[in-house]
Amino acid sequence: MDYFHYLDGVLHAEDVPVPDIAAAVGTPFYLYSTATLKRHFQALDQSFAGMDHLTCFAVKACSNIAILRLFAGLGGGADIVSGGELYRALAAGIEPGKIVFSGVGKTRAEIRQALEAGILMFNLESAQELRVVAECATELGLVARISFRVNPDVDPQTHAYISTGLAKNKFGIPIAEALDLYRQARDPAGVEIVGVSCHIGSQLTKVSPFVDTIGKLKDFLGRLATHGITIRYLDLGGGLGIQYDQEQPPEPADYGAAVREALNDLDCTLILEPGRVIVGNAGIMVTRVLYTKTGEGGRKKFIVVDAGMNDLFRPSLYDAYHAIVPVVQGRRETTVADVVGPICETGDFLARDREVTAAEPGELLAVKSAGAYGFTMASNYNSRPRVPEVLVNDGEFHLIRRRETYEDLLRGEMIPDFLK
Ligand SMILES: *Cc1c(COP(=O)(O)O)cnc(C)c1O
């Protein structure tokens with residue numbers, strides 16, 4: 001459930017008319033709702049109420065410092081995948097003791113940065129990485145709390161690009177080989193085994209892959225215990241899906257209930273790394289129609305808007321579906337069209353062969369479910385300044401990232417002497 005709704009035919013974010021925001025900040029822009037963000041965070045978090053757990057928001061889904069601050073205030077931690085995300089999370093006020101560091105390619109510099117910050121846990125992905133983390137920690141006179149990310153070989157039944165828990169994916173350690181690694185990790189100075197982690201994929205629309213994973217993890221914990229290895233944290237990753245189109249993902253409460261039942265009296269702290277389920281439907285992208293045109297002898301229709309694949313990459317990257325609706329409704333016909341951006345790429349589209357409300361130049365359109373992997377995947381391709389982010393709260397809107405300028409585009413670039 002979100003707080004974007006029509007009032008007298010005009011789309012509002014909470015109580016704020018979207019056209020007012022467009023008039024103030026220009027288009028395109030991302031727009032988030034505080035009430036929705038809170039509601040989604042709490043729905044997920046409270047489905048584990050009464051159970052020892054920590055909700056670590058997956059920063060890569062939506063990393064604006066204001067939104068991270070909001071989650072910090074709700075008691076949230078962070079799941080990070082880079083030094084940049086660590087920097088953001090700390091700047092937003094997330095406690096280091098609630099940060100877990102995932103990712104298959106952490107550099108020494110990032111590992112040192114995280115050790116010095118005193119994060120909760122490193123989720124390791126290889127024997128080589130174990131060695132590097134142990135070395136870095138020893139050099140600094142610190143101890144790295146670690147888990148290994150095991151790959152349970154469960155099919156998450158999602159898009160191939162966002163499936164991570166299959167044996168053929170680059171992520172994690174095959175569960176059959178993980179015991180060996182845990183045994184290796186008992187010895188080196190500088191590391192302390194504290195957890196087991198996994199993350200099987202994103203946009204899952206069923207609970208059964210999670211339940212299957214928990215079954216395999218419990219087996220594995222039993223095997224660890226026979227080798228005298230006990231853990232304090234079981235990290236289940238993220239991956240719960242949202243409704244973009246017709247899919248019917250489980251409600252957070254159903255997910256929570258299924259996970260709790262499958263875990264059945266787990267004697268450690270459960271860590272969750274939700275991203276999309278919290279922010280996905282808490283944000284939209286607002287864009288303006290520039291032109292309409294027809295191709296193929298009048299048969300093919302295009303709606304050209306001022307947002308492109310550099311602003312919202314998911315349609316081009318995953319052929320992902322985002323609903324596109326007019327900001328101001330009216331009694332109008334629908335038409336089948338491609339909604340395309342200004343970028344010089346055929347792959348630059350927000351929707352293809354989509355039945356949409358006929359739109360005229362100058363009109364505002366809302367691209368829905370854009371809160372997750374929206375702004376965070378934006379780039380400057382075609383030298384387009386990145387768009388602003390706006391957060392609505394309590395009847396007011398706040399700019400939480402200004403539109404980039406042309407000076408921002410050149411920041412950091414230089415002409416070497418031989419060209420002067
Ligand atoms: C991307 C990612 C997440 C978040 O995934 P969602 O599908 O957005 O919930 C969690 N954990 C890890 C390790 C990830 O890479």
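**Ligand shell, helix packing and backbone geometry**

In the predicted model, an oxygen atom of the ligand lies 2.8 Å from a polar backbone atom of Arg276, a polar contact being a pair of N or O atoms within 3.5 Å (within protein, one must be able to donate a hydrogen and the other to accept it, and residues adjacent in sequence count only if both atoms are side-chain atoms). The protein covers 93% of the 390 Å² of accessible area that the ligand has on its own, with areas taken from the Shrake-Rupley method and a 1.4 Å probe (for residues, only the protein chains shown count as cover). A polar backbone atom of Gly239 is likewise 2.8 Å from an oxygen atom of the ligand. From the side chain of His199, an N or O atom is 3.4 Å from a nitrogen atom of the ligand.

The ligand is surrounded by 14 residues, of which Lys60, Ser202, Glu273, Arg276 and Tyr373 are the closest; a residue is near a molecule or strand if one of its heavy atoms lies within 4 Å of it. This shell comprises three nonpolar, six polar and five charged residues (Ala, Val, Leu, Ile, Met, Phe, Trp, Tyr, Cys and Pro count as nonpolar, Asp, Glu, Lys and Arg as charged, and the others, Gly among them, as polar).

The model is predicted, and local features need pLDDT of at least 70, side-chain atom pairs count only at pLDDT 80 or more, and totals for chains, interfaces and linings use all residues. Residues are numbered from 1 along each chain as its sequence is written, and side-chain values use heavy atoms, with hydrogens and water left out.

Helices α7 (residues 175-184) and α8 (residues 208-226) pack at about 30°, and their axes are 11 Å apart. The pair is therefore roughly parallel (under 35 degrees; over 145 is roughly antiparallel, 65 to 115 roughly perpendicular and the rest oblique). Axes are lines fitted to C-alpha atoms, for helices over the stretch in contact, and angles run from 0 to 180 degrees between N-to-C directions. Helices (H or I, at least four residues) and strands (E, at least two) are DSSP runs numbered from the N terminus.

For α3 (residues 65-73) and α4 (residues 83-91), the axes come within 8 Å and cross at roughly 60°. This angle makes α3 oblique to α4.

Two backbone features lie in loops. The peptide bond from Thr27 to Pro28 is cis, with omega near -10°, and Pro28 is found in the loop between α1 (18-25) and β4 (29-33). Glu14, a residue other than glycine, has a positive phi near 50° and is found in the loop between β2 (10-13) and β3 (16-17).
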